[in-house]
Amino acid sequence: MPTSVAGPEIERLIQLLARLPGLGPRSARRAALHLIKKREQLMAPLSAALQRVFETIQVCRVCGNIDSQNPCTVCTDGRRDPSIIVAVADVADLWALERAHAINSRYHVLGGTLSPLEGVGPDDLTIDALVSRAHDSVVKEVILALNATVDGQTTAHYITDLLHNAEVKVTRLAHGVPVGGELDYLDEGTLAAAIRQRTLI
Ligand SMILES: [Zn+2]
């Protein structure tokens, strides 16, 4: 039975931090200790920021992005080209494309990819909402910016079939995306190039 070096409050903090992606128990301990040492400069503002985001976070009713305003910052930005919708599986992919300054468009967050093995079907994703947005006359192109995995490509084919009757060009990312590659892990140059050299499906 491992012994605790700290009281239950601190142990609880460590356990919660250890659930964060990229942090194991060891890094969680280091992070907790760092926060404790910097409790005025870091822990207090972090705690306030977490609370504030927790209270204000919403899923955008237009695109499915996560933001503190609804519709989200991207949907309400008048400088973006409304004729292009980039469909992504996850908010992380939207953030990755934005980080790469890949395109100045609107987005649609599907909420995942179709995965028969994991029991994810079309009704679990926001595919219907995307198809309905694609029928808006202002929309001229839908870019399927999905992972180069089997599930990502299955989803792309499924959506392409559904968009058959919409007056839009359907494109996908160029092959700069390695097979099996996840967008969030690509370097920004590759991601920006993949958007620029997108191909018609
Ligand atoms: Zn939005």
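Trainee: In strand β5 (residues 141-144), which residues point one way and which the other?
Mentor: Glu141 and Ile143 point one way, Val142 and Leu144 the other, and all are buried. Buried means under 20% relative accessible area, exposed over 50%, and partly exposed in between, with a 1.4 Å probe and protein chains only. Strands here are DSSP runs of E with at least two residues, helices are runs of H or I with at least four, and both are numbered from the N terminus.

Trainee: Before we go on, what should I know about the model and the numbering?
Mentor: It is a predicted model, where local features need pLDDT of at least 70 and side-chain atom pairs count only at pLDDT 80 or more, while totals for chains, interfaces and linings use all residues. Residues are numbered from 1 along each chain as its sequence is written, and side-chain values use heavy atoms, with hydrogens and water left out.

Trainee: Back to β5, then. Which strand pairs with β5 over four bridges in the parallel sense?
Mentor: Strand β3 (residues 81-88) does, and pairing requires that DSSP finds at least two bridges between the strands. Within that pair, isoleucine 85 is opposite valine 142. Strand β6 (residues 169-172) also runs parallel to β5, joined by four bridges, and there isoleucine 143 faces threonine 171.

Trainee: OK, salt bridges. How many does a search of the whole structure find?
Mentor: Seven, counting a side-chain nitrogen of Lys or Arg within 4 Å of a carboxyl oxygen of Asp or Glu.

Trainee: Which residue meets glutamate 141 in one of those?
Mentor: Arginine 198, at 2.5 Å from N to O. Arginine 198 sits in the loop between α7 and β7 (199-200) and glutamate 141 in strand β5, so the pair ties together parts that are 57 residues apart in sequence.

Trainee: Is glutamate 141 buried or exposed?
Mentor: Buried, with a relative accessible area of 6%, whereas arginine 198 is partly exposed at 25%.

Trainee: What about arginine 99, which residue is its partner?
Mentor: Aspartate 184, with the closest N and O atoms 3.7 Å apart.
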